[in-house]
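This briefing concerns how the chains of one assembly meet and how two of them are built. The sequence and structure are shown first.

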Amino acid sequence: MREPVLEIAGVSKHFAVRRAPLAALAGRPRRRVQAVAGVEFAICQRECFGLVGESGCGKSTLARLALGLLRPDVGKIRFQGEDISTLSGAGLRALRRGMQMVFQDPYASLNPRMTVGAAIAEPLAWHRVVPPAEVKAETRRLLSEVGLGPETVERYPRDLSGGQRQRVGIARSLAVRPALLVADEAVSALDVSVRAQVLNLLGDLGERRGLSMLFISHDLGVIAYLCARVGVMYLGHLVECGPVSEVFRAPAHPYTRALIGAIPKPDPGAPHPARPLEGEPPSAAAVPEGCPFRTRCPSAQPVCATPPPRVTFGAGHSAACHFATEIRNQGAN
Amino acid sequence: MSAATTVGTIGRRLPRNLVLGAFLLAAWVVLATCGPLLLGSPSAMDLLHALRPPSLTFPFGTDNLGRGIFTRVVWGAHIDLEIGLFTVLPAFFIGSTLGLLAGYFGGVIETVVMRLVDIAVAFPFLVIVIAIVAVLGPGLGNMYIAVAMVGWVSYARITRAETLLAKRLEYAEAARLLGLPDRRVLLRHLLPNVIPQAVIYASSDVILGIFLGSSLGFLGLGAQPPSPEWGLIIADGYSFVDRAPWISAFPGLAIVLLAISFSLFGDGLADLLRPETRR
Amino acid sequence: MSSRPASEAPLLALEGVGVTVATGGATLVEDVSFTLGAGESFGIVGESGSGKSTTVRAIIGLLPPSLNASGRILFAGESIAGAGEARLARLRGAGIGMVFQDPLAALNPVMTVGRQIAEALRWHGRLDPTARRRRTTEVMRLVGLPEPERLAASYPHELSGGQRQRVALAIALACAPRLLLADEPTTALDVTIQDQILRLLDELRRSLGMALVLVTHDLGVIARVCERVAVMYGGRIVEEAPVARLFAAPAHPYTRMLLDSIPQGPRTLHPLAPIPGRPPDPAHRPPGCGFAPRCPRASSACAERPPPWRAHTASGGFACLHPLLARAPAHA
């Protein structure tokens, strides 16, 4: 495999929860929220890697760690081979050009007081992506690449629909010609028909520009559409990782199976999984010891109180479960 | 688009009270600048016609020294307009800057600024201003200094609160992510979105500034005689209020009308700036 | 519209219901009609701006004052359209319950959840405090909340999203309504929690014999929970059918294209052909079929006037001049 574009190596991040002053005086220990714990994966060139999980699983924190907006407590993040925590000055600026993000909320991700043209021209001019004389032309070119006409240049975000705003956000990220695009729930806030448009756009862009993508979503269907590989997160842990087709066909972790089974399929005749996932995810401030999923896992055994091993199957498919092999052999959905 | 259509289009899109308020304020400015050119001196005395009620020659009547109240009120217009602006502008700039920095950077800056705010807020505004003026000496200049020293806190609070909200929004994050330095994020992205609340507050603060100036004038701590500042005229007319109520009534009315003009403008500004329609 | 034995009066019937904006006259909902029998589950699916939420709020009189509703709405045979506040207040909670999308916004943050459920009982019932407490616990157990006695003393912000939605359900169900209106009840929830809540809704419907109107944009949810479904576009119902038929053989082109917009596998194997363009602006609805500007089957006739409703042979119907049917049904 060629050198990966992005490497997440054993990354952990926790946040300290503010204590009430009385608790601090009483000497009670500060509570920690373990947002990300020991996550490890890599994204290759031209690859779309999906990250799926429910709220509180740490995927958004991981996105911000990858982009260098947060520092990991443990582990390293390497972008194009370089450890991003060591970057500063020119190196940091190059990083900002190399990795960009598309946000979830199309309404908050654009400055309401800037025209579309100004929003896209700003990074172009700042990073001197093109000479000043060509900024306007490049802006129009970027807009047409995302399917918006040149008249959009003078519009303000409030005059655009959600789908259009999202396209503007994508055009803005592409302005600096990144190698990696991080999409954090980029289509979740869009209508179904608009979602399909933007998904196709992202797919086309990936191919045409040779972009790598870290696609974060809670929607497995969307990930299956765009991504070649997927990582499943639960309470900060990467519980399963592998090619999308493999993970869907034969999930090796009980949580992945539950997740796949819980998706309501647009097919009235489809059978419902016999046992739904009960209960609620525990608080991220009190992650269970050993396997974090064991409090809800239908296959939990006493051994699950110890940290599960990472079991690897072929084709880069791995899962962190004591019974990964058995779960996988239980077969397709 | 012809000029008339442009004006028509703009007029249709702007809130009505904004247009009305702006028009009134423009009228006041015209009055304040051009009025004095058309009238005689505000200090011209005519003892033969002292304490006369309103008439054709003296539309607002005369005071005890025979000075026409109308002339004095018109001459005083620019003073009170200036009072309104100069009490607000320094506080606005100082306070908004400190609030923006405190909200964006947090940490030591925020702690220092907010503790200063706490101290200033602990004392009644009018009392502090009077105390400072008493130390520095009466006069409008010192009043402006006194107000600037304590008036900035409201603006600091408002802008800090708005900045705290805005910096979490994705477009601020996107700007940082695009590699833009802090100063650019602050000035180009956060400031335009954060300042409207302070501007709206300023438009009503101006009214308070005018009242403050007039009150201090009334107390003898603001403008000094023979300045035709409205508060002073009211003070002058205080002893004659039973015989010649017009002396105090008309400048009082003028203050109210000026305050209404600013109030309409401020409301209109709030309507215009606040509902940035989301969908 | 749907064939129903004449002896059974429907529990809920809407006839020609419309909603317009008072100033300006923009039309949010136009000519919506459907019926619902006791214990049936009916889904309304559409994208934003389709008017689905507005329709449901019109049923229970929860429209903001800036909107005007018209048409007939009958609940248990009685007309409730334009009913006075007092009558609607009696109806809400007792006859008709409602659950919204955002449980955090629907719950009072300064009242314990137990009290909020009890409030619903107090308003509608004649139970004494002890009986109310008992019923509160009962209904909390019914919606699957663990340790009801302890949880009843919690505040909404102390609960998770799924638990809050269960509380909202409990409030809606406390007085055993005959009809539950649910507006995107699971959209804000995680997928696994959504699954739990949908199962719960299904179970409750069967055990309580309660009818359900479920509004959502998610076709998967419709397939999971609903027996019949209406597809709304541009303020109108464009198709209504039993769920199996809608998914297997939709008649209206919009339904077909909506189904085709759902990712079904990798892009390389199942590319999506998204619907071009955008939904119409309520203030500027085209005179003809609202979907015509985006429809690949549209003809000039489609833009002239809204297509008439055509009943389908089995049940339901559609409003289209060029439906996707192997054999077009005889004109009504």
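The model is predicted. Two pairs of chains are in contact, and chains A and C share the most contacts of the two. Chain B and chain C are joined by no contact.

**Contact between chains A and C**
- Chain A contributes 31 residues to this contact and chain C contributes 33 residues.
- On the chain A side, the elements that each supply at least two residues are α7 (192-209), α8 (220-226) and α10 (254-262).
- The largest share of that side comes from α7(A), which provides seven residues.
- Classed by residue type, the side of chain A that touches chain C comprises 17 nonpolar, nine polar and five charged residues.

**Contact between chains A and B**
- Here 20 residues come from chain A and 14 residues from chain B.
- Within chain A, α3 (90-98), β6 (99-102) and α4 (116-126) each supply at least two residues of the side that touches chain B.
- The most is given by α3(A), with three residues.
- This side of chain A divides into ten nonpolar, four polar and six charged residues.

**Chains B and C**
- The closest C-alpha atoms of chain B and chain C lie 11 Å apart, and no contact joins the two chains.

**Fold of chain A**
- Chain A contains eleven helices and twelve strands.
- Its radius of gyration is 21 Å, close to the 20 Å that the globule rule gives for 333 residues, so chain A is as compact as a globular protein of that length.
- The C-alpha trace of chain A spans about 70 × 60 × 40 Å along its principal axes.
- Buried residues make up 48% of the 333 residues of chain A.
- Of the contacts in chain A between residues at least 6 apart in sequence, 68% join residues at least 24 apart.

**Helix α3 of chain B**
- Helix α3(B) covers residues 69-105, and at 1.5 Å a residue its 37 residues should span 54 Å; the end C-alpha atoms are 53 Å apart, which agrees.
- A kink of about 35° is present in α3(B), centred on B:Gly76.
- The helix α3(B) is mostly covered, with 26 of its 37 residues buried.
- Just after α3(B), B:Gly106 adopts a positive phi of about 65°.

Definitions and conventions: Residues are numbered from 1 along each chain as its sequence is written. Chains are lettered from A and ligands numbered from 1 in the order in which they are written. This is a predicted model: local features need pLDDT of at least 70, side-chain atom pairs count only at pLDDT 80 or more; totals for chains, interfaces and linings use all residues. Two residues are in contact if their C-beta atoms, placed from the backbone, lie within 7 Å. Helices (H or I, at least four residues) and strands (E, at least two) are DSSP runs, numbered from the N terminus. Ala, Val, Leu, Ile, Met, Phe, Trp, Tyr, Cys and Pro count as nonpolar, Asp, Glu, Lys and Arg as charged, and the others, Gly among them, as polar. The radius of gyration is taken over C-alpha atoms; the globule rule is 2.2 Å times the number of residues to the power 0.38. A residue is buried if 20 or more other C-beta atoms lie within 10 Å of its own, exposed if 12 or fewer, and partly exposed in between; C-beta atoms are placed from the backbone. The expected span of a helix is 1.5 Å times one less than its number of residues. The bend at a residue is the angle between axes fitted to the seven residues ending there and the seven starting there.
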